[in-house]
2 protein chains.
Amino acid sequence: MSKVTVQAPANIAFIKYWGRSEHKLFLPLNNNISMTLSGCTTTTTAELIDGPSDMVEVKFLDKEFTQLTPDSIKARNIFDQITRIKMLAKSNKSVHIKSENNFPADAGIASSASGFAALTGVLLLVYGLHALYEDKKEFSRQVRLCGSGSAVRSVYGGFVEMLAGTDHESSYANQVADEHHWDLVDIVAIVNADKKKISSSEGHELAETSPLLAARIEHTKKQFPIVRDAIVNKDFQTLGEALELESTSMHAIMMTQNPPAFYWSPGSISIMNQIRELREQKSILAYSTFDAGANAHVICQKKDATAIEHLMQKNPFVKSTIYNEPAPGAHEVNTHLF
Amino acid sequence: MSKVTVQAPANIAFIKYWGRSEHKLFLPLNNNISMTLSGCTTTTTAELIDGPSDMVEVKFLDKEFTQLTPDSIKARNIFDQITRIKMLAKSNKSVHIKSENNFPADAGIASSASGFAALTGVLLLVYGLHALYEDKKEFSRQVRLCGSGSAVRSVYGGFVEMLAGTDHESSYANQVADEHHWDLVDIVAIVNADKKKISSSEGHELAETSPLLAARIEHTKKQFPIVRDAIVNKDFQTLGEALELESTSMHAIMMTQNPPAFYWSPGSISIMNQIRELREQKSILAYSTFDAGANAHVICQKKDATAIEHLMQKNPFVKSTIYNEPAPGAHEVNTHLF
């Protein structure tokens, strides 16, 4: 039997989504758009095995491989995806999966984005569903069924939109521009923060308890084409202003839902303020955005990246930084993990 | 000629207002409600003088008296109020005003609330408009014309609502319960923060640029009777949950307006998280709220106040604390400042 390995990048959303229109198909409430991240990738190897059960091992940069059991909530999504793809392939062969992240576990980088894109990729290939893997729209639909919305966008490289859609067929990802289109940089600034208390999955279901949700969705729908055009036209200031407002608007929903989800830490506020001051002083044009976590993604142009990374490393709240350029999407590689 | 002195408390809003329906009469977008603060008061003495011009001196706890000139924006509101009351009294006598705050200048306590209530009070008295001073509704309308919405509520003691109204006549303050009604405590935790960059006055005019404003106003109108009833019925948990959500909802507007107004500092987030954790651990029931500033107002029951104050003082972001119980409203005192 042969091994297959797929590498997939994480991504940072410029238009985010928080809340779903349909929870079983994981349809987001609004179109969203992101940049893939070269510095945050997952590599996953799969091999069909003889034996009664599947085996999944996961490793983060600074840790050992850990074997997952199907009883934890996070692992359950992984085992569910294995079961789904097996049914699709009409196979009852067991699989051995080994997955490695090149970023630390506590980085608060959405490991599910790169992880579920890589997982779905190797499963499609190892179970012989090559046509589904090659048809990237279909690949992205299969990723969506994992339950990780951001993972859908990691199928493609560069700048990727996810169309919310109204059913399984119409909800998929699409490449807006490839990884060579624009030399944007995302400096992830990792701050000291407790482990997040509300997972993204739980959070999506609570979004509708926020009195501000409907207003945000209406606004986000207006912002989506502005951000998409800014990417196509490489208009950094328009993109930056929109992505910063978008991040704040999503966190406004999170913080006003019931129970509230506060993902920002003191360090998050410190970086937001620092980045805004840099702009006010007309020193460097950079913008900050936050996913469902405390770590800042500072978006800048490549010419300013070294200066930004240096400034972030001097911020007393910052533990470390990760440098990211736009990256290729999920793709097969020849080096296997076992 | 005789001196008059009025003392007035600051207050903390449980339902706040951000944004106005009318900018000349300073009509707020929604009814709002607050508790007066015993630890944060302004005492103001006025005397009519011979001479061509008015004289205003202001002092904060830790500073010397400073003479104000009519050309600064903040001072202009004070001189405008003097001019208005003179016209009302059909007087052209000059006045000497001396005003002292028992809290530090950099405390970020809305000195305008206590300051404008005390100022309007002494002006009405010294210019002989006793009927307007005695009619507290009318007194509160006169305070509103200073342009400080929160000051309107400092006319009364205890728990005070401000009815938004639709014109000068219908927009005034009202006492919901006096200062002996309920032994709530507000521990103000003063955090290290830069001077705020967007004043409340500017901020109110920018509120309408937030895409979330209309949704917030609709929600706040629903919350107002809930908070009012919780005060009347002394239902601490209902009040607490509502006041915390209300604070976050107001800051959501501030942070999503254009340009955004970020009043929270790293210390603000630290206190919010700490107070939430105390509740989650079922240790102490307390709630945090923030006006247009970085300092936390931690609302608790008197039995827990010492413990809260102690915890706040141990928080590394907190510089100092101010203890407040519900206080009497603006009232005449016999001790003059000069």
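Student: Which residues of α1(B) are buried?

Tutor: This is a predicted model. Helix α1 of chain B covers residues 73–88. Buried stands for under 20% relative accessible area, and the residues of α1(B) that are buried are B:Ala75, B:Ile78, B:Phe79, B:Gln81, B:Ile82, B:Ile85 and B:Lys86.

Student: Within what arc do the buried residues of α1(B) fall, seen down its axis?

Tutor: The buried set includes B:Ala75 and B:Lys86. Viewed along the axis of α1(B), the buried residues line one face of the helix, because they fall within an arc of 150 degrees.

Student: Which residues are exposed on the other side of α1(B)?

Tutor: Exposed stands for over 50% relative accessible area. On the other side of α1(B), the exposed residues are B:Ile73 and B:Met87.

Student: Is B:Asp54 buried or exposed, by its relative accessible area?

Tutor: B:Asp54 sits in the loop between β4 (32–49) and β5 (55–59) of chain B. The cut-off for buried is under 20%. The relative accessible area of B:Asp54 is 19%, so B:Asp54 is buried.

Student: With which side chain does the side chain of B:Asp54 make a polar contact?

Tutor: B:Asp54 touches residues including B:Phe79, B:Ile82 and B:Lys86. A polar atom of the B:Asp54 side chain also lies 2.9 Å from the backbone nitrogen of B:Val95. The side-chain partner, at 2.9 Å, is B:Lys86.

Student: How many Å apart are the end C-alpha atoms of α10 of chain A?

Tutor: Helix α10 (residues 302–314) of chain A has 13 residues, which should span 18 Å at 1.5 Å a residue. The separation of the end C-alpha atoms agrees with that, at 19 Å.

Student: What covers the buried residues of α10(A)?

Tutor: The buried residues of α10(A) are A:Asp304, A:Ala305, A:Ile308, A:Glu309 and A:Met312. Their cover includes, from chain A, β10 (184–191), α9 (266–280), β12 (296–301) and β13 (318–324).

Student: Which are the edge strands of the open sheet in chain A?

Tutor: The open sheet has 4 strands in the order β11-β12-β10-β13, with antiparallel pairing. An edge strand pairs on one side only, and this holds for β11 (287–289) and β13 of chain A.

Student: What angle does the direction of helix α8 of chain A make with that of β11(A)?

Tutor: Helix α8 (residues 236–256) packs on the sheet and touches β10, β11 and β12 of chain A. Its direction makes an angle with that of β11(A) of about 35 degrees.

Terms used:
Residues are numbered from 1 along each chain as its sequence is written. Chains are lettered from A and ligands numbered from 1 in the order in which they are written. This is a predicted model: local features need pLDDT of at least 70, side-chain atom pairs count only at pLDDT 80 or more; totals for chains, interfaces and linings use all residues. Side-chain values use heavy atoms; hydrogens and water are left out. Helices (H or I, at least four residues) and strands (E, at least two) are DSSP runs, numbered from the N terminus. Buried means under 20% relative accessible area, exposed over 50%, partly exposed in between (1.4 Å probe, protein chains only). A polar contact is a pair of N or O atoms within 3.5 Å; within protein, one must be able to donate a hydrogen and the other to accept it, and residues adjacent in sequence count only if both atoms are side-chain atoms. Contact means heavy atoms within 4.5 Å. The expected span of a helix is 1.5 Å times one less than its number of residues. The arc is that of the directions from the helix axis to the C-beta atoms. Two strands pair if DSSP finds at least two bridges between them. Axes are lines fitted to C-alpha atoms, for helices over the stretch in contact, and angles run from 0 to 180 degrees between N-to-C directions. Lists of a residue's contacts leave out its neighbours within four places in sequence.
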